Amino acid sequence: MDDYLFRHHVGQCKTVEERTRYLEIFNYSNPADNTCEEHPLLTEDDFDNFLRRRGAFAPPKLKEGVKLLNGIRLIVQKEADHNNTFAPLHISLKQDAYESMVRTWHLPFRAIEGSSLVGPFFSCSHDGEDDDLHLQIIFRKSDVRKKGKTRGWEIMLSYSYQTGITTGFVKGTRSSDIADSIDHLIACRSEIGHPLVLPIIILSHDLSSKGDMRQRQARDWLRRLENAITARNEIDENEVYSDFDVDGINRDLVECHSQVLWKRPQAYQEIVKEIREAMQKFMIYVPDERNTKSLRALDSSMLARLDFYRVKLTGMEHYIHTTLERLHIQRQALYNIMAQKESKLNLEIASQQRRVAHATKRDGTAMKTLSLLGAMFLPGTFMASIFSMTFFDFNVGPNFGDPSDSSGEGAQVSNQLWIYFVITVPLTLVIVLAWYLIDQRREKKYAEEDIEIEKDIDTMEKDILAIMRKKTINKATTWASGGSPTTATARRDRAIVLKEPGNEAYEMV
């Protein structure tokens, strides 16, 4: 089954070209005969000869009494730069060369099925018969494209319990630490008898101080954001945000959150656990002649390093959890401030609308005034209509004198003319006075309503600010992210501590 799936997946893969080198290290019983070589593989014949140890790569003739202790033989692509080098269903060797490498060196068939894994991923298992047992290791980590290029690294290893030689394939992009890991392996070439040396070297580079520094930078960034959002004063003056730009601060919150999630410890804790189990498998099956004191010491040292990484990752996990909780608090505070600003804007719009409504009322009052002024003349007009009746006789016209006489000297005016003035003048004054009193009362009412509107606006704004300040600037809420905020009226927790000798009770507030 494995053979069919291997050939099936290899047939589906596309090939990309990468610069290929080899690394070969052998340790002998005579340290003077130890070798370490790293050179390019320029031709297909060189590649095939290196796999099968033919031609220039044939094993050297050893001196009498000298024997091979251990070794490592790797095909290395430590500066892979093709855009699709870590894309799914892509390999950086020709299909026949890749298949030949895997079969000749007893590398894990299942590695080709993990071309889409993003990792970090670690797998270890045994393969082969008891007389030719191999410990197979897959360790990889890749990611999606960044600026058009895929990123990552991968190793496939196979350790032969019979020969003590580790063979494998190593590839990494320039952004990875594979080049440094290979240099590190060469520097530790006396310890290559343990097949987990290279995976632990790669793990140590992946868990270097860069991750700790990123978390520290994220925490510094968080404190700047806390100062901008909740006025928490724990930074220098030159680190303060120059202005409160909601959009900019929101973007910084998102970017800070992304930086905190870089290399989450939980994934690497599982890797540490898997590597520890792989080391246990190796020590169980390693032959007695290879289970030397130095190998056991190396294994203990590597286990101690894994314990160190486990504790380090646990501490980082707690640190990240605290940072994420504080980021969550700041995000909620920012949302509250944005809601506050929106409420204030709506309040301002409502107040402007009320002012417009009152201005409209005043315009209506002006129109009423015009109507009232017209009404002031209505009594006189009415009275003039009355006096135009026969109640008055002015005797003007040709029937009462010379036809050409229009002087009106023959007119007769009733002695009751005073009635017109006695009625018209007081009636007009009464109407004007009534209008004045009504208008003054109405203006006073409008003034009181305007004052009440302004008071309502100020009161509402102060209430909103007080509520938002209580929710966002309360330090109890900032620090006690998982519980309810502490207030001045909150009930105080009391604990009774019993003193052992006298069983005396003390109340702690």
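**The largest pocket**

Tutor: The lining of the largest pocket has 11 charged, 10 polar and 7 nonpolar residues (Asp, Glu, Lys and Arg count as charged; Ala, Val, Leu, Ile, Met, Phe, Trp, Tyr, Cys and Pro as nonpolar; the others, Gly among them, as polar). This is a predicted model, where local features need pLDDT of at least 70 and side-chain atom pairs 80 or more, while totals for chains, interfaces and linings use all residues. Residues are numbered from 1 along each chain as its sequence is written, and side-chain values use heavy atoms, without hydrogens and water.

The volume of the largest pocket is about 750 Å³. A pocket is an open set of points on a 1 Å grid over the protein atoms alone, where a 1.4 Å probe fits, with protein on both sides within 12 Å along at least five of seven lines; lining residues have an atom within 4 Å of a point. Grid points are joined across faces, edges and corners, and the volume is the space filled by probe spheres set on them.

The lining counts 28 residues, and K141, R151, S175, W262 and K263 are the closest to the centre. Two or more lining residues come from each of β7 (134-146), β8 (149-160), α5 (197-206), α6, α7 (246-260) and α8 (265-285); strands (E, at least two residues) and helices (H or I, at least four) are DSSP runs, numbered from the N terminus. The most comes from β7, with 4 residues.

Q215 counts as buried because its relative accessibility is 2%, and buried means under 20% (1.4 Å probe, protein chains only). Leaving aside residues up to four places away in sequence, Q215 touches W262, Q259, V260, M316, Y319 and I320, contact being heavy atoms within 4.5 Å.

Conventions
Buried means under 20% relative accessible area, exposed over 50%, partly exposed in between (1.4 Å probe, protein chains only).
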